[in-house]
Amino acid sequence: MAVFTPKFITFDCYGTLINFDMAGAARRCYADRVGAEIMPLFITDFARYRLDEVLGPWKPYYNIVDGALQRTCRKWKVEWQPEDSDFIYEDCKTWTAHPDVPSGLSRIAPHIPLVLLTNSMDDLITHHVPRLGAPIHMTITAEETGAYKPAMRGFEVMLNKLGCGPEDILHVSSSLRYDLMTAHDLGITHKVFVNRGHEPGCPEYGYTEIHDISELPSVVGL
């Protein structure tokens, strides 16, 4: 991708900027009930069920976690307890930024406004924005839009609030399934895939690939 200076850089938050440790939370919660040989499969199904849960009608993220966890436990015949969902949701509040994020964002923020489009709740995201290490121009949550990515609605609300078109932004994410495929379908030409190793890429969707946020300033000529 040639150097492009967008009006805004828009970001997925969890996984891309914040270390999304849902797998670690599940391991900590179920270490005494799920064997080591099964745990990777248990965690993979937990992730797949979360994606399926967000594709339905909007509901609070706690219910997304709760529904996916119960379905995973049923599949693997593991006892589910209500406090399991409480544990994992509370664990979310402890997550911190990837080490490369504060320095990378702080190099960009004085020049280009940074925007978050996140599958989060209004109260949950407040734990994480201060850990990003740079000023955030606007934060848009799934609670605000009434839709979770990969639905288009969140992107549409964001573009409307920013008063710009899809050609004016650069969208950054570590997920094709949640973000970059939808961005592609909406005509967002300028995209960055942060390859953190948790999801395969697909270059046909037309993005610049980087491995951490320290590489992002050079993408926009900084």
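Analyst: On a 1 Å grid over the protein atoms alone, a cavity is a set of points where a 1.4 Å probe fits but cannot get out, while a pocket is an open set with protein on both sides within 12 Å along at least five of seven lines; lining residues have an atom within 4 Å of a point. Grid points join across faces, edges and corners, and a volume is the space filled by probe spheres set on the points. The model is predicted: local features need pLDDT of at least 70, side-chain atom pairs count only at pLDDT 80 or more, and totals for chains, interfaces and linings use all residues. Residues are numbered from 1 along each chain as its sequence is written, and side-chain values use heavy atoms, without hydrogens and water.

User: How much space lies in the largest cavity?

Analyst: The count comes to 1 cavity of 30 Å³ or more. The space in the largest cavity is about 30 Å³.

User: Which elements give two or more residues to the lining of the largest cavity?

Analyst: The lining consists of L117, T118, N119, A142, T145, A147, Y148, K149 and G154. Elements are DSSP runs numbered from the N terminus: helices (H or I, at least four residues) and strands (E, at least two). Two or more lining residues come from strand 2 (114-118) and from helix 7 (142-145).

User: How many charged residues are in the lining of the largest cavity?

Analyst: Ala, Val, Leu, Ile, Met, Phe, Trp, Tyr, Cys and Pro count as nonpolar, Asp, Glu, Lys and Arg as charged, and the others, Gly among them, as polar. The lining of the largest cavity has 4 nonpolar and 4 polar residues. The charged count is 1.

User: Which residues are closest to the centre of the largest pocket?

Analyst: The largest pocket has a volume of about 900 Å³. Its lining counts 32 residues. Closest to the centre are F20, A47, R50, Y178 and H198.

User: Which helix gives the largest share of the lining of the largest pocket?

Analyst: By class, this lining has 14 nonpolar, 9 polar and 9 charged residues. Helix 1, helix 2 and helix 9 (176-185) each supply at least two lining residues. The largest share is 8 residues, from helix 2.

User: Which strands stand at the edges of the sheet?

Analyst: Two strands pair if DSSP finds at least two bridges between them. The open sheet has 6 strands in the order 3-2-1-4-5-6, with parallel pairing. Each edge strand has a single partner, so one side of each lacks a neighbour in the sheet: these are strand 3 (138-141) and strand 6 (208-210).

User: Why is strand 2 largely enclosed by the rest of the structure?

Analyst: Buried means under 20% relative accessible area, exposed over 50% and partly exposed in between (1.4 Å probe, protein chains only). L114, L116 and T118 point one way from strand 2, and V115 and L117 the other way. Strand 2 is largely enclosed because the buried residues number 5 of the 5.

User: Which residue of strand 3 is the bridge partner of L117?

Analyst: Strand 2 runs parallel to strand 3, joined by 4 bridges. Strand 2 also runs parallel to strand 1 (residues 8-11), with 3 bridges; there F11 stands opposite L116. In strand 3, the partner of L117 is I140.

User: What relative accessible area does T118 have?

Analyst: T118 is found in strand 2. Contact means heavy atoms within 4.5 Å. Not counting residues up to four places away in sequence, T118 touches C13, Y14, I125, T139, I140, T141, A142 and K149. T118 is buried, as its relative accessible area is 1%.

User: At about what angle does helix 9 run to strand 5?

Analyst: Strand 4 and strand 5 pair in the parallel sense over 3 bridges. Helix 9 lies across strand 4 (169-173) and strand 5 (191-194). Its angle to strand 5 is about 165°.

User: What distance separates the C-alpha atoms of L69 and I43?

Analyst: L69 is found in helix 3 and counts as buried, because its relative accessibility is 0%. Beyond four places in sequence, L69 touches Y30, F46, W80, D84, S85 and I88. L69 and I43 are 26 residues apart along the chain, and their C-alpha atoms are separated by 9.6 Å.

Conventions. Axes are lines fitted to C-alpha atoms, for helices over the stretch in contact, and angles run from 0 to 180 degrees between N-to-C directions.
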